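Biologist: I have a structure open and would like to read it step by step. Shall we take it in questions and answers?

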Amino acid sequence: MRVAVVTGPGEVDLREEPTPVAGLDEVVVEVGATGLCTMERRLFLGIKKIYPVAPGHEVAGRVVEVGDAVAGLPGVPQVGDTVTVDLLTRCGACTACRRGRSSLCKQPQGGELSDGTLSFGAGLADYVTVKAKQAYGTGSARIEHAAMGEPLACVAHSLRLGGLRAGDRVAVVGAGYMGRLHLALARQAGAASCGLIDLSPERLAEGLAAGAAWAAIPSEALAAGGKQDLVFVTAGAQGVLEAALEMCDDGGTIVLYGAFPKDVAATVSPDYLHHHEVTLLGAYSQEPEDWTQAAALIASGRIAEDLDALVTARFPLEDVGKAFDLAANSPVYRVLVG
Ligand SMILES: [Zn+2]
Ligand SMILES: [Zn+2]
């Protein structure tokens, strides 16, 4: 089978790799579509210089083989089912995993191809194998939607940690792909309103078309949306935390979802947090229960329209280089391969 390997900045090769066979507790999935995420973008642009490497962790496809130890168990996908797959490895043994916080597993991520090449998912390929418990059925949903399982699980994680409840007033900083997934899930969860904050007029207009209650540039956000119960930050930059604090109402929560540049520092008044009972928390990656929610939502079709609007382009695997080029060098929501 073929698998894409990034060999240097701007360079992607398709290599041959033995077609996988299911282990006892695994499934083999014929890849239908794989999304290109920030990690792929950074590798291709040479911001993250780890070469050669086989990326691709936002994968959906059709089950073609189920391991003997799990075949037929209730909940285990069957041959022919469409699934979205969690390609992260978690040890289950470290302090984080033992506390049910496996998104913070202490074991370094990553696997290997047959020739020892580092793999971060290796999902830009014809097939992937994964533990059966990490394959989640998506019913009759489009494969492009199923391939959004991983980012949606991350956003479900963000909403869960943030404690979003029906009736909450929500603001999302950043109207890119992750911001739009927050908008879709917040609306689905019954938010009283969900507004978007971004610098790009195009993205604000597209967010309004997708159902945002309001959309504003940062300097006009408070006037446009007023105080909020929850503020999700999906685009970290200098001054964003302070602006989020200003928007956050008493008793509210700020969720730091997106990465910040490492050199950004913020001034926060501990006394303010105390007197106003403001919660400040980070949300990173996802956990099994977030996957269950994400897959169920995809399968339900209830956010199909939201997800459709986020498919920027789809390329066959042989054109994986073109897909990387588009994802790395243009403002896109999601570029898919497969
Ligand atoms: Zn991702
Ligand atoms: Zn662990």
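Biologist: What radius of gyration does the protein have, against that of a compact globule?

Modeller: Keep in mind that this is a predicted model. With 338 residues, a compact globule would have a radius of gyration near 20 Å. The C-alpha trace spans about 60 × 45 × 40 Å along its principal axes. The radius of gyration agrees with the globule value, at 20 Å.

Biologist: How many helices and strands does the secondary structure come to?

Modeller: The count covers the secondary structure of the protein. It comes to 12 helices and 18 strands.

Biologist: What separates the centres of domain 1 and domain 2?

Modeller: Domain 1 covers 2–148 + 310–337, and domain 2 covers 155–282. Their centres are taken over C-alpha atoms. The separation is 29 Å.

Biologist: Where does the largest nonpolar core lie, relative to domain 1 and domain 2?

Modeller: This core has 102 residues. Helix α5 (residues 177–188) gives the most to it, with seven residues. Both domains give residues to this core, so it lies between domain 1 and domain 2.

Biologist: Which residues is A244 in contact with, leaving aside neighbours within four places in sequence?

Modeller: A244 is among the residues with the most contacts inside the largest nonpolar core. V173, V231 and V233 are also in that group. Beyond its sequence neighbours, A244 is in contact with V173, V231, V233 and I254.

Biologist: Does G110 count as buried, exposed or partly exposed, and why?

Modeller: G110 sits in the loop between α2 (95–98) and β7 (111–112). Buried takes 20 or more C-beta neighbours within 10 Å, and exposed takes 12 or fewer. G110 has 15, so it counts as partly exposed.

Biologist: Which residues does G110 touch, not counting those up to four places away in sequence?

Modeller: Look past the residues up to four places away in sequence. G110 then touches L118, S119 and F120.

Biologist: How does V311 count: buried, exposed or partly exposed?

Modeller: V311 lies in strand β17 (residues 311–315). Leaving aside neighbours within four places in sequence, V311 is in contact with E144, R334 and L336. V311 has 19 C-beta neighbours inside 10 Å, so it counts as partly exposed.

Biologist: What percentage of contacts between residues at least 6 apart in sequence join residues at least 24 apart?

Modeller: Take the contacts in the protein between residues at least 6 apart in sequence. Then pick out those that join residues at least 24 apart. The share is 70%.

Conventions: Residues numbered from 1 in each chain as written. Chains lettered and ligands numbered in written order. Predicted model: local features only at pLDDT ≥ 70, side-chain atom pairs only at ≥ 80, totals over all residues. Core = buried A, V, L, I, M, F, W, Y, C linked by C-beta atoms within 7 Å. Helix = DSSP H or I, 4+ residues; strand = E, 2+ residues; numbered from the N terminus. Domains from an automatic or database assignment. Contact = placed C-beta atoms within 7 Å. Rg over C-alpha atoms; globule rule 2.2 N^0.38 Å.
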